[in-house]
Amino acid sequence: MKKYILIIAITLAGINVHAQEKGSGMLQLNYHMAMPTSDFKDFLDEPSFRGFSADYRYYAADKFAVGLQSGYHVFSHKYPRDTYYFDNGAATLVQWRYVHVVPIIAVAHYDLLAEDSKLQVSAGLGMGAYYVREEAWIGLYTLTAEQWGFGLAPEVMLRYNFNDRFGMLFSPRYEVVFGGERANLADEKNNLAYWDFRFGAYFKL
Amino acid sequence: MTFKPKFILFLSAALALFGIGGCNLYPDSETRVEDLDITLTHYDKENDFMQNQTYSIVDEVVEIDSDTNNAPSPVANSDLIIQQIEANMAALGYTKVNDNQDPDLRVVATATENTQYFIITTMITGIGMVVVGMAMAAGGVLLLLLSACYPVVESYTSGTLIMQMAQYKDTAPGDTIKMVWTGVVNGLLDEDTQANLKTRIKSSIDEAFEQSPYLKVE
């Protein structure tokens, strides 16, 4: 089975298509799935299946693109009724927790395979501003914390060109927003970090 | 290879299905009214609860009104609340006595009620959709928008039960009474049947005492 997959991959990579040359552009529309990691899991430890983004990339040089990305994803989970003990008391309640994330970041990518390859792999880095709003819904009350923070998003992207104008992509990346506040009863400040898996379509311009 | 619009349509539909068509994001109509109940307790860590064995309790739970001219009046489930507090105190090992028997603790229970009003924009359903359909048939976009969305004033009423214990023994008239334990129960009063409301009140009072094992008589 592995042999066939390898043969197919090499064949696809060898088919020539319209190359991403200097001066060309690309518009991407993506669906996101994400998984909290690190300290983020202390606030909300559930994967997110609600996210989308749009990217525009401009090839400043052959194989090297820069661009902008923005989008939205939301993490959410209902925590069943439980008792939480603190220093001189306790609370029994149901919680709904939400984290809304809107990145507005600059991205830079370098294509690792040949310019005219049908299957393309690129490595890149995004950095910029992230709007993060955390909510904890408790009974008839809502605790919120919102902020703009600086974030980084290193990523690898696999693209498959169907023709010279359209293709599909898959892109795993790790996103970190520094110094976030938590919308819970504890006065904590932690980074917001999560794995982000993008599935999308792109259109060459 | 040719460009296939149908494939993109399928992709868009799939993304919409996975991304948007799942469960509702915020608490919705499937949320049970008891999910919104909160039980909180707070106690004085410096107080020696182990010395207590007896308590007295108020005869009824009165409502605290923001208008101080109103005379305190007992709440609808006053007897039920008092009985449930007494049952929990007995389970912890306390003996109920009268005020004139110098009890170790004095238990007081009060309640508040609050109605909140808010405006939401809602969509017409049912027969209203016929109006929307007529508007669409007439081609009136403005009429369509006016028909489909309109503001509605909604309200909900919540109630809060406040239970307090004071270290009472050997206090004289005029002395400052030290509150050593507070239990607060908060939840919706409307949107529920009377039977379920009584069940919620009892279970919430039980939760407050379950949170407080330090009250147990040694």
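1. A charge sits over a ring if NZ of Lys or CZ of Arg is within 6 Å of the ring centre and within 35 degrees of the ring normal. A:Arg97 lies over the face of A:Tyr79 in this way, 5.2 Å from the ring centre. The charged end of A:Arg159 sits over the ring of A:Tyr202, at 5.6 Å from its centre.

2. This is a predicted model: local features need pLDDT of at least 70, side-chain atom pairs count only at pLDDT 80 or more, and totals for chains, interfaces and linings use all residues. Residues are numbered from 1 along each chain as its sequence is written, chains are lettered from A and ligands numbered from 1 in the order written, and side-chain values use heavy atoms, without hydrogens and water.

3. Over all chains there are 18 aromatic pairs (ring centres of Phe, Tyr or the six-membered ring of Trp within 6.5 Å; planes under 30 degrees apart are stacked, over 60 edge-to-face, the rest tilted). A:Phe166 and A:Phe203 make a tilted pair, 5.5 Å centre to centre with 35 degrees between the planes. A:Phe166 lies in strand β7 and A:Phe203 in strand β8 of chain A, so the pair ties together parts 37 residues apart in sequence (strands are DSSP runs of E, at least two residues). A:Phe166 is buried at 3% relative accessibility, while A:Phe203 is partly exposed at 22% (buried is under 20% relative accessible area, exposed over 50%, partly exposed in between; 1.4 Å probe, protein chains only).

4. Ring pairs also join A:Tyr160, A:Phe162, A:Phe166 and A:Phe203 into a cluster.

Methods. Helices (H or I, at least four residues) and strands (E, at least two) are DSSP runs, numbered from the N terminus.
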